[in-house]
Amino acid sequence: LHALRFPSATARIAHGDAATVAGIAAGLLAPAAATSPKYLYDSLGSRLFEAICELPEYYPTRTEAGIFARHGADIARRVGTGSTLIDLGAGNCAKAASLFPLLEPMQYVPIDISREFLNEAVSRLQQRFPRIAMTALALDLSGPFMLPDTVAPRRRVFFYPGSSIGNFAPHEAIRFLRRVRDNASADGGLLIGVDLIKDAAVLDAAYDDAIGVTAAFNLNMLRHLNHLIGADFDVRQWQHVAFFNEGESRVEMHLEARTALTVRWAGGERRFARGERIHTEDSYKYTREGFADLLAQAGFEADGTWTDGAGWFAVMHARA
Ligand code: AVJ
C-alpha cells in the first residue's frame, strides 16, 4: 500500500534511449509543454488509431478510400505498375493492400515507427500476396532518413495516405517532402492524401468523437511516456482536448490537467496547474492550391488531383 500511495518511492526506469528521454523531457519542461505526435504510436496506440478510422465522425479514412474506389484506374494510370511502393507510416498496411490489384507493385516497403504492430501486419499481408516482395522498415520519419540497399532503386513511388503529412507544420512538411524526393528515383513519384479545410464543427467532431476513442488514443500517450522516460503520469488526472484552430489551419490535440499535479520521471519533474495543457498533436488542413504549392516548393511536379464530391479530402500524384 505504501508503494501504491507513494509511487515516487519506487525506482523509475526509462526504456527509451538517452536522446529520446532528453527530447521528451525538454518538451515537458518547455513553458508551453509539448510532445511529438509520434509517441501516440505504441502497439495499443496503433490499434486505437485503427479504431478511430472506423468512427462515423472520422471522415478522412472513408473519404480517401472512396476517392481510390472511384478514381483508382485513373490514379493507377498516372502512378504506373511494377513500382517499388514505399508506404510511409504504413500502420496496418490496409490502404496500400487495397491498391495492390491496381498498382501491382514489384516490391512493397512499409515503414512505420510502431515496430511490432508493423511486423505483425506485414507477415499477414505477405501470406495474402506471396508474389510481392515485402521489406518492412521500423523507422522514425520525423527526422532525416535514408532507405537501405534492400529497397530497389528504380521506380520508387512513395505512398503517404491519410493526411499524415498534416502532422508537420507547413515549413516542416516542405523539408520532409524534399527528403522524400531525395529518396525517390528520377522516374519515381509520390501519391499522397491531404485533408482539406472544412466546417469547424465537422473537424471538431472528427477529433473528439462521441464514444471517446480519440480521447483514449490521446491519453494513451501518457502510458507510453511512462514507459519511455519512466514517468509517473496518472492518466485519470488528464483529459482530452481537441479543436480546429482556424488561424493556424490545424486541428490541435492537447492533454489538459484536471487538477494541480506534479509529474516526475527519471531525471526530472514538472508541476502543472489545473487546466494547463500538453500539446500532443497538430493536424494541418490545406486548400488544394495551398498543398499543390507546397509540393512545388519541395521540387515535385504535380500530376493529378482527385477529390470526393464534397471536397473534403484530396489525393494527389506528383512526379519526382
Ligand atoms: C494519422 C496524423 C493522419 O491527423 O487525422 C486522428 C491522427 N489524431 N485522430 C490525423 C489522428 C487524432 C491522424 N493522422
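How do the residues of the shell around the ligand divide into nonpolar, polar and charged? The shell holds three nonpolar, seven polar and one charged residue. Here Ala, Val, Leu, Ile, Met, Phe, Trp, Tyr, Cys and Pro count as nonpolar, Asp, Glu, Lys and Arg as charged, and the others, Gly among them, as polar. The residues around the ligand are I52, P60, G162, S163, S164, G166, N167, Y207, T214, E281 and S283.

The model is predicted; local features need pLDDT of at least 70, side-chain atom pairs count only at pLDDT 80 or more, and totals for chains, interfaces and linings use all residues. Residues are numbered from 1 along each chain as its sequence is written. The model scores ipTM 0.99 and pTM 0.95. Mean pLDDT (the predictor's confidence in each residue, from 0 to 100) is 96 for the protein chain, and 97% of its residues reach 70 or more. Confidence is lowest in helix α1 (residues 2–5), with a mean of 58, and highest in β7, at 99. Where pLDDT is low, the predicted coordinates should not be read in detail.

Helices (H or I, at least four residues) and strands (E, at least two) are DSSP runs, numbered from the N terminus. Two strands pair if DSSP finds at least two bridges between them. Seven strands form an open sheet with mixed pairing, in the order β3-β2-β1-β4-β5-β12-β11. At its edges stand β3 (133–134) and β11 (301–307); each has a single partner strand, so one side of each is left without a neighbour in the sheet. Strand β2 (residues 107–111) and β3 are parallel and share two bridges. Y108 has M134 in β3 as its bridge partner. Helix α5 (residues 94–103) packs on this sheet and touches β1 (84–88), β2 and β4 (156–160). Contact requires C-beta atoms, placed from the backbone, within 7 Å. The direction of α5 makes about 160° with that of β1. Axes are lines fitted to C-alpha atoms, for helices over the stretch in contact, and angles run from 0 to 180 degrees between N-to-C directions.

A three-stranded open sheet has the order β6-β7-β10 and antiparallel pairing. Its edge strands, β6 (238–245) and β10 (277–284), each pair on one side only. β6 and β7 (residues 250–257) are antiparallel over eight bridges. V241 stands opposite H254 in β7. Helix α9 (residues 213–229) packs on the sheet, touching β6, β7 and β10.

Technical notes:
Contact = placed C-beta atoms within 7 Å. Near = placed C-beta within 6 Å.
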